[in-house]
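Student: Could you take me through one part of this protein up close? I would like to start from a single residue and then see what lies around that residue.

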Amino acid sequence: MFAIPLGDDGAELRPLEPSNAEEFLAHMDRGRAFVGEHIVLADVVTDLDSARSFLRSYAEKAASDTGRIYGIWTDGTLVGGVLFRTFDAAHGIAEAGCWLEPSAAGKGLITRACRVIIDWAIEERGIHRVEWYASAKNEPSIAVARRLGMTREGVLREHYPHRGVRADTELWAVLAPEWRAAKTV
């Protein structure tokens, strides 16, 4: 398996695979309240079977070239991840996303990891548009979109039902020419 360094702090990005299910569940248990505040992942991964099933679904997406999932490790411990929830190479559109346990927040890990996967999607796979959906109340996620050079394209009002409440969702995106231009600055 490969690992991509995310800086000189020892953090690394690796594929998150079904064989990581126990570690993934332990990570989710550590961060469940924090992760679940804005995204459904904490409610989906609740035991070993659901952890394995979730990771298997992304292995199938990778095999069919429709999605990818990567974990972020610091000091050998899984602390978060980034993914392409959707990946449509034929139409050049992908949706990126992330999650993180609280012990790893505020260190730039998500931004660094997203830069790696977005750069790969644009430069290696020819993706033209990378989208980012975030609850309008999820300031850390919105801050990541800004740091990635994305443009806020709008608000989908009462778009996403989360734990019984319909939340507004902000849509952010970066286009390949914008991404490349930002890299040269």
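Tutor: Happy to! Let's start with Leu148 and its contacts. Setting aside residues up to four places away in sequence, Leu148 touches Thr111, Cys114, Arg115, Ile118, Trp132 and Trp179. Keep in mind as you look that this is a predicted model.

Where is Leu148 on the chain? Leu148 lies in the loop between helix 5 and strand 7, which spans residues 151-162. For a sense of distance, pick out the C-alpha atoms of Leu148 and Val82: they are 14 Å apart, while the two residues are separated by 66 positions along the chain.

Now look again at two of the residues that Leu148 touches, Ile118 and Trp132. Both belong to the largest nonpolar core, which has 34 residues. Ile118 and Trp132, together with Ile72, Val82, Val130 and Met150, are the members that touch the most other members of this core. Several elements give two or more residues to the core, including strand 3 (68-74), strand 4 (77-88), strand 6 (129-135), helix 5 (139-147) and helix 6 (176-183). Helix 4 gives the most, with 8 residues. There is also a second, separate core of 18 residues, and Phe24, Trp73, Leu78 and Leu83 are among its members. As a general point, nonpolar side chains in soluble globular proteins tend to be buried together.

Helix 1 (residues 21-36) packs with helix 3 at an angle of about 110°, and their axes are 9 Å apart. Helix 1 is therefore roughly perpendicular to helix 3, as angles of 65 to 115 degrees count that way. The two helices make a right-handed crossing. On the helix 1 side, the contact is made by Ala21, Glu22, Phe24 and Leu25. Helix 3 brings Leu48, Ala51, Arg52, Phe54 and Leu55 to the contact.

Next, move to helix 6, where you will find Lys183. How exposed is Lys183? Its relative accessibility is 44%, so Lys183 counts as partly exposed. Beyond its neighbours within four places in sequence, Lys183 is in contact with Asp119 and Glu123. The side chains of Lys183 and Asp119 are joined by a polar contact of 2.7 Å. With the side chain of Glu123, the Lys183 side chain makes a polar contact of 3.3 Å.

Finally, let's visit two loop residues whose backbone angles deserve a look. Asp65 sits in the loop between helix 3 (48-63) and strand 3. Although Asp65 is not a glycine, its phi is positive, at about 60°. Asp65 counts as partly exposed because its relative accessibility is 22%. Asp75 is in the loop between strand 3 and strand 4. Its phi is near 50°, again a positive value in a residue other than glycine. With a relative accessibility of 74%, Asp75 counts as exposed.

Terms used: Residues are numbered from 1 along each chain as its sequence is written. This is a predicted model: local features need pLDDT of at least 70, side-chain atom pairs count only at pLDDT 80 or more; totals for chains, interfaces and linings use all residues. Side-chain values use heavy atoms; hydrogens and water are left out. A nonpolar core is a set of buried Ala, Val, Leu, Ile, Met, Phe, Trp, Tyr and Cys residues joined through side-chain atoms within 4.5 Å. Buried means under 20% relative accessible area, exposed over 50%, partly exposed in between (1.4 Å probe, protein chains only). Helices (H or I, at least four residues) and strands (E, at least two) are DSSP runs, numbered from the N terminus. Contact means heavy atoms within 4.5 Å. A polar contact is a pair of N or O atoms within 3.5 Å; within protein, one must be able to donate a hydrogen and the other to accept it, and residues adjacent in sequence count only if both atoms are side-chain atoms. Axes are lines fitted to C-alpha atoms, for helices over the stretch in contact, and angles run from 0 to 180 degrees between N-to-C directions. Angles under 35 degrees count as roughly parallel, over 145 as roughly antiparallel, 65 to 115 as roughly perpendicular and the rest as oblique. A crossing is left-handed if the near helix is turned anticlockwise from the far one by less than a right angle, and right-handed if clockwise.
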